[in-house]
Amino acid sequence: MQSEQDLVSEPRQEPAEEDPAACVETGKTPDFRIVVSAEANEDPSATLFPPPLPQPRICMWKYLDIHSMHQLEKAVGTDEMREVLAKLLGLDCPAENLREAIILDLFSHAVIFCRQQGFSLEQTSTVCAMLQDLHKACVATPLGNLEECYRYFTSVLFCHGVRRPPFSINLFKEEQLLALADYVVNTYFRHFKLYKYVFTPQVQLDLSLTYMGLQPDQCSPEGEPGQVTLLRAYIKSQLSKELGQLQQLVEERLSASEDRLNNKLAALERPSQTPPAKGKTKTK
């Protein structure tokens with residue numbers, strides 16, 4: 001296990017963010033606040049396409065520094081631990097805000113898991129950072145990006161299993177990484193769509209058409225509809241048909257993606273089996 005001096009002296013991985021090592025020296029707590037609601041004036045068109053995921057990086061002391069971890073360690077009981085964690089997360093009123101309550105449950109159970117596994121303060125801080133980055137990647141878009149987030153999370157795990165500075169460190173042992181991967185799969189990825197439903201806005205299509213070069217809609221004395229009405233009815237029927245086909249295609253792709261993920265999860269849950277030896281035993 002590395003000493004605190006070695007951990008603090010790790011090179012910065014994200015220059016754009018506040019340096020956790022500098023916060024350790026000055027005694028300042030890094031900003032660990034989580035956005036639990038979308039801005040009212042946010043441009044919906046900005047989330048029509050999934051944003052690129054960040055590059056996997058070492059995230060030790062990224063959000064919770066050593067002082068914050070000592071506060072959590074001194075907390076007696078689950079209720080006090082949740083109160084301290086709510087302050088560190090920047091949650092104002094989890095008892096009344098549903099999103100804040102979900103965030104608090106997510107990270108409090110993660111801290112309890114780390115204590116049950118006997119993780120150190122450095123490892124617990126890293127687990128919380130990995131979980132927060134995963135949640136940010138999930139809620140960055142209302143569109144489906146489950147497989148991309150899963151690949152991103154596994155890449156971040158590998159960054160903390162092999163010592164190859166400045167790209168990776170051996171913070172966790174192999175059995176610890178496996179236990180952490182199983183925990184995140186069973187608690188977060190199995191409820192991935194629920195997190196996305198709660199924390200992302202719904203995307204709606206508002207379509208308006210302007211017809212150029214057509215006369216105003218006028219009915220003949222016999223009561224026959226004008227050309228604008230006929231054209232509008234034709235376009236509406238074609239749009240309904242195309243939207244139905246598009247919806248069916250999207251549902252089929254989502255179903256196929258979900259089946260692939262379930263197969264991967266089922267493969268991970270199966271116990272490892274030793275393949276039978278090839279060939280037959282020779283008898284005398």
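Let's start with Thr 200, whose side chain reaches the backbone oxygen of Lys 196 at 2.2 Å. Keep in mind that this is a predicted model. Where does Thr 200 lie? You'll find Thr 200 in the loop between helix H9, residues 192–199, and helix H10, residues 227–269. Is Thr 200 buried or exposed? Its relative accessible area is 9%, so Thr 200 counts as buried. If we leave aside the neighbours within four places in sequence, Thr 200 is in contact with Cys 138, Val 139, Thr 141 and Pro 142.

Now, on to a pair of helices. H7, residues 146–158, and H8, residues 174–187, have axes that come within 11 Å and cross at roughly 160°. H7 and H8 are therefore roughly antiparallel to each other, and their crossing is right-handed. On the H7 side, the contact is made by Tyr 150, Phe 153 and Leu 157, while H8 brings Leu 177, Leu 180, Ala 181, Val 184 and Val 185. By class, that gives 8 nonpolar residues, with no polar and no charged ones.

Let's turn to H4, residues 77–89, and H5, residues 98–116. These two pack at an angle of about 120°, with their axes 10 Å apart, so H4 and H5 are oblique to each other. H4 passes H5 in a right-handed crossing. The contact includes Met 81, Arg 82 and Leu 85 of H4, and among the residues from H5 are Asp 105, Phe 107, Ser 108 and Arg 115. How do the residues of the contact of H4 with H5 divide? There are 9 nonpolar, 2 polar and 3 charged residues.

Thanks, everyone!

Technical notes. Residues numbered from 1 in each chain as written. Predicted model: local features only at pLDDT ≥ 70, side-chain atom pairs only at ≥ 80, totals over all residues. Heavy atoms only, no water. Axes fitted to C-alpha atoms, helices over the stretch in contact; angles between N-to-C directions. Helix = DSSP H or I, 4+ residues; strand = E, 2+ residues; numbered from the N terminus. Parallel < 35°, antiparallel > 145°, perpendicular 65-115°, else oblique. Left-handed = near helix turned anticlockwise from the far one by under 90°. Contact = heavy atoms within 4.5 Å. Nonpolar A, V, L, I, M, F, W, Y, C, P; charged D, E, K, R; others polar. Buried < 20%, exposed > 50% of the residue type's maximum accessible area, 1.4 Å probe, protein only. Polar contact = N/O pair within 3.5 Å; in protein donor to acceptor, adjacent residues only side chain to side chain.
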